[in-house]
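Here are my notes for you on this one, point by point. Keep the viewer open and follow along as you read.

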Amino acid sequence: MVVVALLVAAPCLAQEPQFVKKTYTYKKVDKVEIQADVHRDKGDTVRPAVVWIHGGALIVGNRHSVPRDIFDLCRKEGYILISLDYRLAPETRLPAIIEDIKDAFRWIRDKGPALFHVNPDRIVVTGGSAGGYLTMMTGICVTPRPRALVAYWGYGDVDGPWYVKPSEHYRKTVPLIDKDDAYKAVGKKVTTGAELNSSAMKARGVFYLYLRQNGLWTKVVSGFDPATEPRKLDPFCPVRNIAKDYPPILMIHGTTDTDVPYQESADMAKELARQKRAYELITVQGAGHGLSGGDKKVVAAAHKRALEYIREHIK
């Protein structure tokens, strides 16, 4: 379960009194309310925003998992912090998840100025792991483009060998999971994860491990078979869709990440350079997923640079 915990950022601590949270429903599908938490001061001054997109392999997690340093940055600098939910897989497939993200940004632009006095032209997007992937996706699917992106240990494709072949790491480090046991946790109803308790989240994490052990993540989460329908996955791979309007991006990744390979960020950097787009890649030698096991000073410096990057581009 330690592996599952690493997929989701640590939840923020108790809110400061002057930084108020209000929850909005930005979209409703059938009876499912898809929500966003908006944190800001009590005034009505128009302010820029940082949008946080949670991780969890698109299968677990929810909007309540905002990292403390992102929370504190927004509180201290006076930025609005918007943390998004989206429907989770496998009950909802990848194309619909991306539609949720696109609809969230439409809502921020169309409704945000009146609801919480946001400046929709001054937005930086950030997220970790699958949230890092969705952050990269906003650079190709959200219009107008965000001002900048910060992707923590994210990925630019969803059909590389690491996702479509059985993971040797998870087959060696986790007892092989039975299919029937894995599927007990999913399929009953569409969820954003916000209403699930910790045991339900852990069970969904087991489902994720089953998919990785058997190389089924891409097929189950996207609804497309990468072996027979590879072109259908192209629109969901940021590394293949970098254009001249792709926003500046900072990426952070550990070289010994056993969940999302470091090469994912390296490949994004290579393509961004080829397309002459602005980017930074911070490489943390010897660090795993979430920068676990990395040199503490190097890890701290990486997180500090991420906050500086947000400040630089939001102004």
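1. Let's start with arginine 63, which sits in the loop between β3 and α2. Is arginine 63 buried or exposed? With a relative accessibility of 6%, arginine 63 counts as buried, because the cut-off for that is under 20%. Setting aside neighbours within four places in sequence, its contacts are Thr23, Gln35, Ala36, Asp37, His54, Ser83, Leu84, Asp85 and Ala194.

2. Before going further, remember that this is a predicted model. The pLDDT averages 94 over the chain, and 95% of the residues score at least 70. Over residues 1-7 the pLDDT stays under 50, and the model gives them 13 contacts beyond four places in sequence. Residues 12-17 are also below 50, with 13 contacts in the model beyond near neighbours in sequence.

3. Now look at helix α2, residues 68-77. Its buried residues are Ile70, Phe71, Asp72, Leu73, Cys74 and Arg75. What do these buried residues pack against? Their partners are β2, β3, β4, β5, β6 and α11.

4. Two packed helices are described by the angle between their axes and the distance between the axes. Here the axes of α2 and α11 (residues 296-314) come within 11 Å and cross at roughly 40°. The crossing is right-handed. From α2, the contact uses Asp69, Ile70, Leu73 and Glu77, while α11 brings His303, Leu307, Ile310 and Arg311. By type, these residues are four nonpolar, one polar and three charged.

5. Next, the aromatic rings: the model has 16 aromatic pairs. Take tyrosine 133 and tyrosine 155: their ring centres are 5.0 Å apart and their planes are at 5°, so this pair is stacked. The two are 22 residues apart, with tyrosine 133 in helix α4 and tyrosine 155 in the loop between β6 and α5. Tyrosine 133 is buried, at 0% relative accessible area, and tyrosine 155 is buried at 0% too.

6. Compare that with tyrosine 183 and tyrosine 210, an edge-to-face pair at 6.1 Å centre to centre with 75° between the planes. Tyrosine 183 belongs to α7 and tyrosine 210 to α8, so the pair ties together parts 27 residues apart in sequence. Tyrosine 183 is partly exposed at 33% relative accessibility, whereas tyrosine 210 is buried at 8%. Elsewhere, ring pairs join Tyr133, Tyr155, Trp162, Tyr163 and Trp217 into a cluster.

7. Where are the cis peptide bonds to check? One joins alanine 89 and proline 90, with omega about 5°, and proline 90 lies in the loop between β4 and α3. Another runs from threonine 143 to proline 144, with omega near -10°; proline 144 is in the loop between α4 and β6.

8. Last, two residues that have a positive phi without being glycine. Tryptophan 153 has phi near 40° and lies in the loop between β6 and α5, where tryptophan 153 is buried at 12% relative accessibility. Leucine 291 has phi of about 65°. You'll find leucine 291 in the loop between β8 and α11, and at 3% relative accessibility leucine 291 counts as buried.

Conventions
Residues numbered from 1 in each chain as written. Predicted model: local features only at pLDDT ≥ 70, side-chain atom pairs only at ≥ 80, totals over all residues. Heavy atoms only, no water. Phe/Tyr/Trp six-rings, centres within 6.5 Å; stacked < 30°, edge-to-face > 60°. Helix = DSSP H or I, 4+ residues; strand = E, 2+ residues; numbered from the N terminus. Buried < 20%, exposed > 50% of the residue type's maximum accessible area, 1.4 Å probe, protein only. Axes fitted to C-alpha atoms, helices over the stretch in contact; angles between N-to-C directions. Left-handed = near helix turned anticlockwise from the far one by under 90°. Contact = heavy atoms within 4.5 Å. Nonpolar A, V, L, I, M, F, W, Y, C, P; charged D, E, K, R; others polar. pLDDT = per-residue confidence, 0-100.
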